[in-house]
Amino acid sequence: MARLFQIHPSDTVAVVMEDLPSGIPAGHKVALRPIRKGEKVIKYGQCIGIAAQDIARGEHVHTHNLVTNLTTAPQYTYAPLYNPLPAAEAPFFAGYRRRDGRCAVRKQILILPMVGCVNSVAQSLAAKAQTLFGERCDDIFALTHPYGCSQLGGDLRTTQMTLAGLADNPNIFGVLFVFLGCENNTPETFLPLVQNVQNAQTVVLQKTQNEEDVLLKALDAMTASIAHIMREPIPASELVIGLKCGGSDAFSGLTANVLCGKLCDRFLSFGAGAILTEVPEMFGAEHLLMRRAESEAVFHDIVRLIEDCKKYYTDHGQPIYENPSPGNKAGGITTLEEKSLGCIQKGGTAPIHAVLRQGERCREKGLHLLQGVGNDMVSCTNLAAAGAHLLLFTTGLGTPFGSAVPTIKISTGQSLFRQKPGWIDFDGSRDDVQALEAHILSVAGGQRTCNERNGFREIAIFKDGVTL
């Protein structure tokens with residue numbers, strides 16, 4: 001008989017662990033008892049919506065008979081409820097020590113276009129430089145994007161702050177800023193944001209003759225200056241880990257996200273840093289995060305984080321709870337609160353140390369919440385710009401995507417891990433924290449992730465305004 005999994009003793013639904021003869025797919029929900037129309041449906045010990053009609057015991061519970069309960073603005077009260085994590089001795093990994101004292105898991109050179117018009121130049125240059133100077137570092141690559149011009153106000157500022165954060169990521173040991181010369185992301189407005197970035201050079205193409213020679217000469221000098229830096233033992237307490245899920249299914253909140261939560265707690269107990277983002281996918285579960293605020297000031301910061309994100313939706317005349325995606329629903333996730341309750345599992349149980357606004361860097365230890373939307377490419381870009389050394393990216397449906405930093409793809413089930421060995425790095429259904437810890441330390445020590453082996457590195461910058 002197919003197994004049903006009840007997550008919490010108070011749940012009124014259980015998760016189907018394998019396809020039922022009746023046609024209910026694995027990952028979907030069935031009622032554990034009769035549920036009346038208008039009654040709250042409980043999963044994870046929390047409300048995931050309201051029954052739209054009477055539901056019989058054993059009946060499929062999904063979009064046809066379950067609707068969100070997130071229709072009004074809740075009132076939030078500071079009521080802390082968490083246990084501090086016990087301290088643990090940090091293991092070591094073979095990392096790099098930067099001149100500024102920070103550690104790194106990669107020794108990379110970044111070619112960063114300041115406007116989309118120079119993307120092709122940057123990509124071509126990266127390929128040539130990798131061939132010529134690649135032995136001096138781990139990677140030479142370009143991160144392309146369509147912005148930097150025809151933007152005003154907040155959008156231009158977001159583009160500049162995101163690019164500045166990427167340049168300041170600890171894995172970047174040298175950066176070449178490539179301007180065209182007529183964009184509104186000017187050197188005069190951008191370069192003050194990166195004045196503390198080491199080993200940086202700037203080229204304005206419209207003012208440069210024999211641009212390829214000039215650019216390659218700059219990269220020759222840049223790579224030569226770091227060729228001598230070798231890996232050395234560094235405690236894992238110095239790592240900053242970004243947490244992300246994408247292409248989620250109903251098993252995300254049962255396997256891979258839960259495993260990441262345990263891993264997150266473990267690294268935080270070492271004294272490391274961690275960053276949780278995807279604010280729209282906290283809606284419906286934000287009260288659980290607010291209970292974990294280290295102080296009342298942090299609690300109010302979380303409230304503002306949630307309310308600002310809701311205002312973003314309403315300012316554009318869009319419903320706040322227009323989520324999950326079609327792929328999420330096909331995988332068994334019905335409402336946003338159900339998705340959110342599964343999503344926040346990645347953050348474990350640790351107290352929340354601080355809230356980061358978009359463009360801010362993670363400079364302290366502990367768990368941080370980062371402002372930003374749930375879109376995979378945008379949120380991973382934000383995590384890298386905030387200073388994450390590497391990302392843990394859980395997925396139930398699979399994705400080849402890779403971010404600007406090593407992106408460890410963790411599957412919710414064994415079948416995806418087996419079917420997509422070129423995408424997936426770790427089988428999250430194993431529930432083996434020690435194995436995942438060992439894998440992370442190996443990646444931090446130089447083992448390539450799937451996205452790195454494939455050469456898949458992409459960024460996307462948040463946009464909220466007009467284009468000229």
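Helix H12 is mostly covered, with nine of its twelve residues buried, where buried denotes under 20% relative accessible area, exposed over 50% and partly exposed in between, with a 1.4 Å probe and protein chains only. The model is a predicted one, in which local features need pLDDT of at least 70, side-chain atom pairs count only at pLDDT 80 or more, and totals for chains, interfaces and linings use all residues. Residues are numbered from 1 along each chain as its sequence is written, and side-chain values use heavy atoms, leaving out hydrogens and water. Helices (H or I, at least four residues) and strands (E, at least two) are DSSP runs numbered from the N terminus.

The buried set of H12 includes Val-433, Leu-436, Ile-440 and Ala-444. The buried residues pack against helix H5 (256–270) and strands E8 (92–97), E19 (390–395), E20 (407–411) and E21 (426–427); contact here means heavy atoms within 4.5 Å. The end C-alpha atoms of H12 (residues 433–444) are 16 Å apart, in agreement with the 16 Å that its twelve residues should span at 1.5 Å a residue; the expected span is 1.5 Å times one less than the number of residues.

At the start of H12, a side-chain oxygen of Asp-432 comes within 3.3 Å of the backbone nitrogen of Gln-434. After the helix comes Gly-446, with a positive phi near 125°.

Helix H5, one of the packing partners of H12, is also mostly covered: twelve of its 15 residues are buried, among them Leu-259, Cys-260, Asp-265 and Phe-270. From first to last C-alpha, H5 reaches 21 Å, close to the 21 Å expected at 1.5 Å a residue. Just after H5, Gly-271 has a positive phi of about 105°.

Note on methods
A polar contact is a pair of N or O atoms within 3.5 Å; within protein, one must be able to donate a hydrogen and the other to accept it, and residues adjacent in sequence count only if both atoms are side-chain atoms.
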